[in-house]
Amino acid sequence: MARELADLQARIAERIKTAEREDVRAYSAALSAGWSAEELRKIGFSEPDKKARTRRRSTRKPASGSAPAAGHDSQPEAPREG
C-alpha cells in the first residue's frame, strides 16, 4: 500500500512538473509573439510562478601549465596519424 502511494505521488509530481514547464513555454511563446505581460494578465494568463531556468555561464578556470591553449597559437596544428 505504501509503495503504491509513493508511486502515485511520484507520477503526480512528474505531471505537475510537466504542466508547469508547458505553462512557462506557452507564456514565453506568447511574449515572443508580441503579447505584453499586461495583455496576457487581462485575459487571465498570468505570469507563471516558475520561470524557465536560464543556464548560467560557467566561469573559465585559468589554464594550468605553460603550454598555450589549442587554437590560440600562431602555428597550425600538425596532422595526426591514427
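Student: What does buried mean here, and what share of the protein chain's residues count as buried?
Tutor: Buried means under 20% relative accessible area, exposed over 50%, and partly exposed in between, with a 1.4 Å probe and protein chains only. The model is predicted: local features need pLDDT of at least 70, side-chain atom pairs count only at pLDDT 80 or more, and totals for chains, interfaces and linings use all residues. Residues are numbered from 1 along each chain as its sequence is written, and side-chain values use heavy atoms, without hydrogens and water. Of the 82 residues of the protein chain, the buried share is 6%.

Student: How many helices and strands does the protein chain have?
Tutor: Helices (H or I, at least four residues) and strands (E, at least two) are DSSP runs, numbered from the N terminus. The count is two helices and zero strands.

Student: How is the aromatic pair of Y27 and F45 classed?
Tutor: Rings of Phe, Tyr and Trp (its six-membered ring) pair if their centres lie within 6.5 Å; planes under 30 degrees apart are stacked, over 60 edge-to-face, the rest tilted. The structure holds one such pair. The centres of Y27 and F45 are 5.6 Å apart and the planes stand at 75°, so the class is edge-to-face.

Student: Which parts of the chain does the pair link?
Tutor: The two residues are 18 apart, and the pair links distant parts of the chain. Y27 lies in helix α1, and F45 in the segment after α2 (37-42).

Student: Is Y27 buried or exposed?
Tutor: The relative accessible area of Y27 is 6%. F45, at 23%, counts as partly exposed. Y27 is therefore buried.
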